[in-house]
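Biologist: I would like to learn how to read a protein model. Could you walk me through one?

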Amino acid sequence: MQLEALEGRVDRGLAFARLFRAGRSNFGPTQACRGSGQGMRGKETIVASTETAGTTRRDFLYLATGAMGGIGAAALVWPFVSQLQPDASVLALSSTEVDLSQVAEGQMITVKWRGKPVFVWNRTPDDIAKSKATEISVLLDPVARNANLPLDALATDENRAAEGEGHEKWLVVIGICTHLGCVPIGHMGEYDGWFCPCHGSEYDSAGRVRRGPAPENLAIPPYHFVSDTKISIG
Amino acid sequence: MSGHSTFEPKNPALKWFESRLPLVGLIHSSFVAYPTPRNLNYWWTFGGILSLMLVCQIVSGVVLVMHYTPHVTLAFDSVEHIMRDVSWGWLIRYIHANGASMFFIAVYIHMFRGLYYGSYKAPREVLWILGCIIYLLMMATAFMGYVLPWGQMSFWGATVITNLFSAFPVVGPTIVEWLWGGFAVDNPTLNRFFSLHYLLPFMIAGVVVLHVWALHVVGQNNPTGVEPKSEKDTVPFTPYATIKDGFGMVCFLIFFAWFLFYIPNYLGHADNYIPANPLVTPAHIVPEWYYLPFYAMLRAVPDKLGGVLTMFGAIIVLFFVPWLDTSKVRSAAYRPLYKQFFWIWVAVCIGLGWLGSKPAEGGYVIAGRILTIYYFAHFLIILPLLGLFEKPKAIPASITEAVLGKNKGAAPASAGVSAPQTKG
């Protein structure tokens, strides 16, 4: 009996060492079958076979168990990672409606959309004229950054302002500085738009960046007019 | 008894690290080379299962806190939010809620095993007491965790349990107000219970480290209760104990998964899906199943302070078991009388648990009194006397002899034994 116990120990030791080798060998189902056949014949045969054959039934069992365990662990880990994503209650808040009828000419209001500030500005004809007079060539970022337009649209005033008849006075931008995420202050700075208090970036009356360090124009969220006096963001 | 590490790193980077902090060597000597008695049965896999459950509870708990709000107006809704809105939130919450029950199932089996095989006896008294401390911490943690969903059972459970302390003369009412942070269970209570519920598991983990350390100093007990005397009596932790523990864990997880996926609310109470109402107590209030035996004892005593002291005494008496048991023989396998009394005591514990779930009236109370008296008599009368009057069976000379029989165990190593080694 004691002999058997010691044999078992050595046998297992060998199998453990082989576990790592087996991964690299051309271990296939035929060999597994052969291994299992040998296993049927009894302990002595297994010991003999571990010294001659490349792989054994035990190697197969180790690998199969390890693989199954790995799949199980991965399946268990998934819910713990998945729970990090925005939950259903957050996704339910993904659109916001804004009533424009209460926004006077020249007034800038801030609304919240997906937890972020969105500026809605009823621009004066003077603001619009200044914005239109600005050449694309002087802009730091010549791209419109308008989620409602193609990615390569140029940052003209038409491409930045709201689309449609009589809508050009409306500018809707996400109120987050494209540098490091601060909220810029309206009606401030040299360009009559926004000034970011964190690192001094300045934006013009179309929300285009005119002075760094911010790299991009203020982003324009996806939105559309529900009626002439109401927009839906998101 | 601590395994001598034969770990010698080959990798130069690891060698450099190992000479500065022998971490891998410590793991190697504790969980690879560590000698375990060769005759450990499956009752010995519950230590590993408990470690797994502690990790499971901490991981799922940390995730739940990401979505939970500890405030009386939001707590209940935030738990429902976890169940309905959070991706896989239902699974994680059910893991945590049922995990607590699984933790207690495992700890009770672990404790019964210790009592059956005399694992508390010298030199393992400190190991046993550390285990009792872990058990107490588990009870406190589980109680405070149950309060957090802020349902009716949460609220009234918190009220009843904190009121236990009001039984103490003079200081009682003050203690209770300080526990509450007010004049009733309210928002301050919820906030502090939440804080402590997060803290205590890490304290449990700390005591578990001490528990494992103490275990590795004195070595594991085994079904014979005979200390290993030679190399022949032990096998290395890896692969023998790791594989056996691993198999035990897998079987336990299947049992856990059955609760989790088929009857996740079986061990809970429907009343806890009603938001807490400080003005109305539910008609029938009972604690979670793992407290029921103690709850039965509380109700068996017709005096407020007496009931509370009886309940706490039922746990405190466990700390003294190493000295209350006067028998020189560890394992019940060689103690014919103790073996019977042990099973009677287990039946009494289960009986008390059943009575704890019944209303406190008539025959239930009388039965509760009888079983409570027996519970204490087991420790305070039966255990000390058994050691004096019991005639134990013959104890084997060694573990190997017990496993292989007298002749084979004593046989010297034959030539055949070394053969596979030299060939390998």
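Biologist: What is the order of the strands in the open sheet of four strands in chain A?

Modeller: First, a note on the model: it is predicted, so local features need pLDDT of at least 70 and side-chain atom pairs count only at pLDDT 80 or more, while totals for chains, interfaces and linings use all residues. Residues are numbered from 1 along each chain as its sequence is written, chains are lettered from A and ligands numbered from 1 in the order in which they are written, and side-chain values use heavy atoms, leaving out hydrogens and water.

Modeller: Now the sheet: its order is β5-β6-β7-β8 in chain A, with antiparallel pairing. Strands (E, at least two residues) and helices (H or I, at least four) are DSSP runs, numbered from the N terminus, and two strands pair if DSSP finds at least two bridges between them.

Biologist: Which strands stand at the edges?

Modeller: β5 (185–186) and β8 (209–211) of chain A do; each has a single partner strand, so one side of each is left without a neighbour in the sheet. β5(A) pairs with β6 (residues 192–195) of chain A over two bridges, and there I185(A) stands opposite F195(A).

Biologist: How many residues lie between β9(A) and β10(A) in their hairpin?

Modeller: Two residues lie between them. Four bridges join these antiparallel strands, β9 (residues 223–227) and β10 (residues 230–233) of chain A.

Biologist: And how do I read packed helices?

Modeller: Two packed helices are described by the angle between their axes and the distance between the axes. The axes are lines fitted to C-alpha atoms over the stretch in contact, with angles from 0 to 180 degrees between N-to-C directions. In chain B, α3 (residues 46–65) and α5 (residues 89–116) have axes that come within 9 Å and cross at roughly 155°. They are therefore roughly antiparallel (over 145 degrees; under 35 is roughly parallel, 65 to 115 roughly perpendicular, the rest oblique).

Biologist: At what angle do α3(B) and α10(B) pack?

Modeller: About 50°, with the axes of α3(B) and α10 (residues 237–262) of chain B 9 Å apart. That makes α3(B) oblique to α10(B).
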